[in-house]
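Please read them alongside the coordinates.

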Amino acid sequence: MSIAHWATTDTPIGPFTAIVAGDGAVLASGWTADLDLLTPQISPALRPSDLREKRDLGAVSTAVRRYHEGELDAIDDIPVRQRSGEFLQHAWDVLRTVPAGKPVTYSEYAALAGRPAAVRAAASACARNAAALFVPCHRVLRIGGALGGFRWGVDAKRWLLDHETPYHA
């Protein structure tokens, strides 16, 4: 039986919930207080058999608070665990290297992931990302700068991008 813990933190965009494995790796996260929106995003191979609420998830909860307070790199060293095919695994790792305040287009993201023609696959990596914020899919935009979709809403994506703009200039 695998046990994971979850906690919800209030943020300026609304409640943010993270589900964390016993070793501290984020399995799923997003701007919701509804666990039923997060648990289906976890790969069946990683899905815990038991979820227990905690008031605080230690380093993960601290990183969420610090990020929303303006310490944009607070999320960078939090471990994440997702499972899928080889390209998606690689694409999620690459997405973690896109710096705050420097969003990329889906085409640029595909190129960074080593498959410049795979723009749809890059978009799929964003859509299937279970660990929002820690794997910052909000940093990927449509060509021309349009926001595109975001599981947690376009308003949340706009807030995150504005928050990451240096000095909010």
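1. A search of the whole structure finds six salt bridges, a salt bridge being a side-chain nitrogen of Lys or Arg within 4 Å of a carboxyl oxygen of Asp or Glu. This is a predicted model, in which local features need pLDDT of at least 70 and side-chain atom pairs count only at pLDDT 80 or more, while totals for chains, interfaces and linings use all residues. Residues are numbered from 1 along each chain as its sequence is written, and side-chain values use heavy atoms, with hydrogens and water left out.

2. One of these bridges joins Arg81 and Asp23, with the closest N and O atoms 2.4 Å apart. Arg81 sits in the loop between helix 2 (59-68) and helix 3, and Asp23 in the loop between strand 2 (14-21) and strand 3 (26-30), 58 residues apart. Helices (H or I, at least four residues) and strands (E, at least two) are DSSP runs, numbered from the N terminus. Asp23 is exposed at 52% relative accessible area, and Arg81 is partly exposed at 23%; buried means under 20%, exposed over 50%, partly exposed in between (1.4 Å probe, protein chains only).

3. Glu164 and Arg139 form another salt bridge, at 2.9 Å between the closest N and O atoms. Glu164 belongs to helix 6 (residues 154-164) and Arg139 to the loop between helix 5 (119-127) and strand 6 (140-141), so the pair ties together parts 25 residues apart in sequence. Glu164 is buried, at 3%, and Arg139 is buried, at 2%.

4. Val60 is in contact (heavy atoms within 4.5 Å) with residues including Ala18, Ile78 and Phe134, leaving aside neighbours within four places in sequence.
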